[in-house]
Amino acid sequence: MERKHMSAFALYQTLPADAPPPAKKPPVQLVAKKKKKKENGVAVNKANALKAQVKSERRKMRKKLPKSAQREERQKGSAQKQQQQQQEEDEEEEEECMNGDVEAGGEMIDGLLVDLARVNNSRLRASQLFKWLIDPIPAKAFFRDTWEKKPILVQRENPHYYKGLFSTAEFDRILREEDVQFGVNLDVTSYTNGKRETHNPPGRALPFTVWDFYKSGCSLRMLNPQAFSSTVWNVLSILQEQFGSMAGANVYLTPPGTQGFAPHYDDIEAFVVQLEGKKHWRVYNPRSEDEVLPVLSSPNFKQTDIGKPILEVVLEAGDLLYFPRGFIHQGDCLPDVHSLHITISSYQKNSWGDLLQKVVPAALEVAMEEDVEFRQGLPLDYLTYMGVQNSDNDDSRRTKFFSRIESLLKKLKDYAPVDAAVDQKARDFLHDCLPPVLTPEELATSVQGAPTRWEGGEVIDVGAQINTQTRVRLLRAGCARLCSDGDSVHICYTTDNSRVYHKEVPKSFEIQTEVATGKICPNLSCFVHGDLIRLFFFQHTDAVEFLIHSYPQFVTVGSFPCESAEDRVTLAELLFERGIIHTEEPL
């Protein structure tokens, strides 16, 4: 007897209700809570670090020597002059080399990225790529009038505008060639008769099963296309410098006449880029003030919960739809054509409140240690007139109590370690970042393209071959940053990050003011301790700061503000070997 074929979707529906559920990606809000729990686990250490930073900064201000101040002023003046000159050059370069590409609109993305690679400043490169993304809307007007405020629609009538960014053919290639896992890299979803479901089986997402789900009317969501697509990786790694926040992406492939997701809002700024086919979108205002710029994404809503849309449109290939976090949205496919779009996102957990969550606890701890007013005891009888049960009482003691709280809160700002808290945000951001995609010139002049190799039965061209005349600069403007935790300064960097989110631990060098104890690296004149390389040259902090503020100019290794030529070369070799700097000419 011939066996009747049963699709993967049909097989999924036959699973008994008490069977173990297939592995699936947790909702965004659960992921955020899990991450928050992890952060809470180190909150005490971070607060202590911020407290130490405040004390350290105060000690330095009291003990600062005139000679040191003069040196800093000279360096700042020189850096400001260089920055002013470079800004003028950048503006000229922007006008000369990029206007044509942005106006052309419809050029293959590969060609655009090649042109952008010729721009000699990664910040300018990011600005130009963003201008291309939202063209013809001026970037300044967008951030002034639209960003975090309202949706905006760009209809281009040019189906090739985003051609080459991603495609259904690329989706199929990834399924065939890469290790795509259900629930980790791919979700299978449906939204039918008001019910949203996820249909992820366990294991690898092979084409045979995935396309069977698609033919049965399920939508496919690829969660991290940058891990598999070099073009998406390149675009996001450039845009993250524009946003100063992690740039992520999901790809959505929806069959004709279906909908894969219920109405909801997200906790990110979303740029919906239509790549193939068409999709009918409805966007709704936040339901209340509490849902404007929300901290977390929403659960799924019923149609009766969301009111009437403020924007209803059919996106076609080449179109763009932007909406801020908190704006409810839903998209469904027209009956006669599939839809492929990529959502580029940013600004998750990047608010003033997120920064203050780092500032306030540390400020309070420092205040309690340094100011006796914060350590004085509460009134003996405060429980008799304060608290919810007493909130409606007209009691002068309550007025006095609130006045004291207000006074302490005003004083608290004087103990706020704002710069140290910003450094913590920066460290988190650099950990989130994608590694840079090297241009041909960067590859030829960085450690990744160094000529060291095995040839003729031996290793040749060993060593960085850097000297005081070698001209170097940071690989990218945002690839490294100095961050302090009070007692030491770290160089945090992105060049060793993975394309997979947080696959690698945060990367940093720790620069100390005292000689560390540990194992000596024979080639680097430094000490190894755990996952950090602890440098013992105090002047290296000034040298790294000099490098950061010199970008995008190349500077000689001999111009580093270190004590000796040996120190300058040692630091340059270390930064070169970590991929943080590259040379003006191939070594």
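**Close-up 1. Cys 483 and its closest cysteine sulfur, in Cys 492.** In this predicted model, the two sulfurs lie 4.0 Å apart, too far for a bond. A disulfide would need them within 2.5 Å. Cys 483 is buried, at 0% relative accessibility. Cys 218 is buried as well, with a relative accessible area of 0%. The structure holds 0 disulfides.

**Close-up 2. The largest cavity and its lining.** The model has 4 cavities of 30 Å³ or more. By type, the lining residues divide into 5 nonpolar, 4 polar and 2 charged.

**Close-up 3. Helix 13 (residues 396-412), end to end.** The helix has 17 residues. At 1.5 Å a residue, they should span 24 Å. The end C-alpha atoms are 25 Å apart, which agrees.

**Close-up 4. The buried and exposed sides of helix 13.** Arg 398, Phe 401, Leu 408 and Leu 412 are the buried residues of helix 13. Seen down the helix axis, they fall within an arc of 90°, so they line one face. An α-helix has 3.6 residues a turn, so residues three or four places apart point the same way. On the other side of helix 13, Ser 396, Thr 399, Lys 400 and Lys 410 are exposed.

Conventions:
Residues numbered from 1 in each chain as written. Predicted model: local features only at pLDDT ≥ 70, side-chain atom pairs only at ≥ 80, totals over all residues. Heavy atoms only, no water. Buried < 20%, exposed > 50% of the residue type's maximum accessible area, 1.4 Å probe, protein only. 1 Å grid on protein atoms, 1.4 Å probe; cavity = no way out; pocket = protein on both sides within 12 Å on 5 of 7 lines; lining within 4 Å. Points joined across faces, edges and corners; volume = space filled by probe spheres on them. Nonpolar A, V, L, I, M, F, W, Y, C, P; charged D, E, K, R; others polar. Helix = DSSP H or I, 4+ residues; strand = E, 2+ residues; numbered from the N terminus. Expected span 1.5 Å × (residues − 1). Arc of directions from axis to C-beta.
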